[in-house]
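This report concerns a single protein model. Please have the sequence and the coordinates to hand while reading.

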Amino acid sequence: PYSGPLQDWFPQEEYRWDVLYNADGSSTLVLTVYPFYYNPLTTDVRFYKNYHLAVAYTSSSTAITQLETEQGVYSPGERVVLNLGLSHSGEPQDIVVSAVVRRCGTEELVAGLLLRTLQSLSGAASFSLQWDSTGFHAGEYYIEATLQDGQGNVLDSQSHLFRLGILSGQMTSFSAT
């Protein structure tokens, strides 16, 4: 029997998409289409055989060239330092830069680090950001940086994983036979 939340139909989305980044710098678009739907309240089902999809994309001359923390592991309460570099070739353009911290696994937004418009960016830019981890639980986190144009189109996006809390142990006894 169905024991989840009482939604009308499952799944609630018709499709989802992800981008896989390859080692050679290229990327692969992965589309997942859900042709079968189920309504747990009525036990009705729907099945679709044909879909029509249109893919729109933008080509960007703006890129994140560096996204890294100064350390891979930080102690709770320590300031996490992020170095962010970007470049824009072509005509000067206003670029909106945002960076957030999310908890791995839940994707929970735990902090907003930056929302800034770089006016008439041309060439390279870099800066450092800090996140005060005081009060946050140990675990895996990631910083997600996004570059957008003035119309909200995503020009580039990257994330960087780091750990809050040092893993350690101490052996108190050892024997072997």
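Predicted model: local features only at pLDDT ≥ 70, side-chain atom pairs only at ≥ 80, totals over all residues.

## Nonpolar core

The largest nonpolar core comprises 28 residues. Within this set, Val97, Val101, Leu113 and Trp131 touch the most other members. At least two core residues come from each of strand 5 (62–69), strand 7 (79–103), strand 8 (109–132), strand 9 (139–148) and strand 10 (154–164).

Leu113 illustrates the packing. Leaving aside residues up to four places away in sequence, Leu113 touches Leu82, Ala99, Val100, Val101, Leu129, Gln130, Trp131 and Ile143.

Strand 3 (residues 36–39) and strand 4 (residues 44–47) run antiparallel and are joined by four bridges. One of the bridge pairs consists of Asn39 and Asp44, the latter in strand 4.

The two strands form a hairpin, with four residues between them. In the turn, Thr43 has a positive phi of about 60°.

## Largest pocket

The largest pocket holds about 880 Å³ of space. Its lining consists of 22 residues, and those nearest the centre of the pocket are Trp17, Val19, Leu29, Ala56 and Tyr57. By class, the lining has 13 nonpolar, seven polar and two charged residues.

Which strand gives the most to the lining of the largest pocket? Strand 1 does, with five residues. Strand 1 (15–21), strand 2 (27–33) and strand 10 each supply at least two residues of the lining.

Key: Residues numbered from 1 in each chain as written. Heavy atoms only, no water. Core = buried A, V, L, I, M, F, W, Y, C linked by side-chain atoms within 4.5 Å. Buried < 20%, exposed > 50% of the residue type's maximum accessible area, 1.4 Å probe, protein only. Contact = heavy atoms within 4.5 Å. Pairing = 2+ DSSP bridges. 1 Å grid on protein atoms, 1.4 Å probe; cavity = no way out; pocket = protein on both sides within 12 Å on 5 of 7 lines; lining within 4 Å. Points joined across faces, edges and corners; volume = space filled by probe spheres on them. Nonpolar A, V, L, I, M, F, W, Y, C, P; charged D, E, K, R; others polar.
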